[in-house]
Amino acid sequence: MSLIKATKNAVSPGGKHGLGNSESRDPIGYAVLALNKLAQSEFIDKLGLRKQTEKGVFTVTRSGFKVAGTAGRAFAKKGKKGAAGVRVPAANPTGVFDLTPTEDEQMLVDVVGEFAEEMLRPAAADANEACAAPEELLKASLEIGLPILGVPEKLGGISEERSAMAGALVAEALAKGDMGLAVAALAPGAVATAISLWGTEQQQETYLPAFTGEDVPAAALALNESRPLFDVLAPQTRATKADGGYVINGVKTLVPRGADAELFVVGAELDGKNVLFLVESGTEGIEIEGDPAMGVRAASLTKLTLTDVKVDSDAILGATDGTTYLEAVRLSRLAWCALAIGTGQAVLDYVKTYVNEREAFGEPISHRQSVAFMVANIAIELQAMRLITYKAASRAAQGKDFAREVALARKICADKGMQIGLDGVQLLGGHGFVKEHPVERWYRDLRAVGLVEGGVLV
């Protein structure tokens, strides 16, 4: 595609300090550069500060700086308060069990697949080490319409009907390039889709123009919490009524691109029910810090701390009886299942080539039955994951109950996705343990499927 060819060069390293010619270093980048320069100086040896300085460089590059919420842009409120928002109709059922993508869906998948192959895959290793997606790559993802995939046409998007199926196909195609970069690219669209699905007229007219314009804000769905036996349906983040609005207290973890985000959709308990809140990053009481994990590192995962964060009465997104929150959880799990399928497909493609080319005792190791059976089993489990996920996404798009299907998809994608990653590492032998080959990264990424809640949704 001409779009992809035009943007490919912009992501290639070059210019001063390894930055692209059109890139500029962010504040953390300047700080890290300064610390590195200091660490290389002989002056700190004279002062006896070598050990402390090197520790500082390590800590900053590993976890990032702890910062207050970024003020970002001011979202001026528009539209009629309390009025119902625009909704896209459910997809029409075909009456037959046919999960073949429509012509429009296939065109979208082809474009996204080429983008993933030509831009995400080459940038993945460096993004994993840096715990950040290249800025130019994120800009390129906006140009192929990822943030507006679930936004109605009437509001500047491209959705004519519920887009759960298209969203699943796109997430799968992106994850075949890299799951971490896929999450980073999809996070803003998750918030735009959530506002499209459940927002009032005021919320849609206030926030969606930013997502359909040229300067799309970073944003994220924050549901996950870091505690033993965490249950997404029993969050410890609490919201209480106060002064005509609400006060939110709690900690959310594994929030993608939180340091750059200008808008969050935060899950919290309100009067015994789980509710979603729209929270702007500039709100007083928000604190963000790096929260890197073993996998999905390119998504710049962060911890979001909310301390007496005050929001208006119209900050609630959707219903207050828990139904909207539950649907968000299910749609998010669908997205993670699709990501697992894409990453699992990447593992399968890679190991097939490897076992056919790797020779032992004068012949390819794929001639050994134990190896061939393991590769075949990956293909079998991957197809099972794909079918149940597609079925759940299809029912969601048609407005049907998909609770059973998404529960089955979540279970099989978490269990079998992890097994696919493990088998991929095993098939590469010693090569599966080293970073020269990407399978060890895919193995770590696949572990997130059964653990992470929120972040993205279809």
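Mentor: Before we start, buried means under 20% relative accessible area, exposed means over 50%, and partly exposed lies in between, with a 1.4 Å probe and protein chains only. This is a predicted model, in which local features need pLDDT of at least 70 and side-chain atom pairs count only at pLDDT 80 or more, while totals for chains, interfaces and linings use all residues. Residues are numbered from 1 along each chain as its sequence is written, and side-chain values use heavy atoms, with hydrogens and water left out.

Trainee: OK, so is valine 296 buried or exposed?

Mentor: Valine 296 counts as buried because its relative accessibility is 3%. Its phi is near 55°, which is a positive value in a residue other than glycine.

Trainee: And where does valine 296 lie?

Mentor: Valine 296 lies in the loop between strand E7 (286-290) and E8, where strands (E, at least two residues) and helices (H or I, at least four) are DSSP runs numbered from the N terminus.

Trainee: What about aspartate 308, what is its phi?

Mentor: The phi of aspartate 308 is near 50°, again a positive value in a residue other than glycine, and aspartate 308 sits in strand E8. Aspartate 308 counts as partly exposed because its relative accessibility is 47%.

Trainee: Which strand does E8 pair with, and how many bridges join them?

Mentor: Nine bridges join E8 (residues 301-312) to E4, and these two run antiparallel; strands pair if DSSP finds at least two bridges between them. Strand E4 (residues 245-256) is mostly covered, with nine of its 12 residues buried.

Trainee: How many bridges join E3 to E4?

Mentor: Five bridges join strand E3 (residues 238-242) to E4, in an antiparallel arrangement. Lysine 241 has tyrosine 246 in E4 as its bridge partner, and tyrosine 246 stands opposite valine 311 in E8. The hairpin of E3 and E4 has two residues between the strands, and aspartate 243 takes a positive phi near 50° there.

Trainee: Switching to H13, how many of its residues are buried?

Mentor: Seven of the eight residues in helix H13 (residues 439-446) are buried, and the buried residues pack against helices H5 (103-130), H8 (179-198), H10 (323-357) and H12 (403-427).

Trainee: What does the side chain of glutamate 440 make a polar contact with?

Mentor: Its partner is the side chain of arginine 444, at 3.0 Å, where a polar contact is a pair of N or O atoms within 3.5 Å, and within protein one must be able to donate a hydrogen and the other to accept it, with residues adjacent in sequence counting only if both atoms are side-chain atoms. Glutamate 440 is buried, with a relative accessible area of 13%.

Conventions: Contact means heavy atoms within 4.5 Å.
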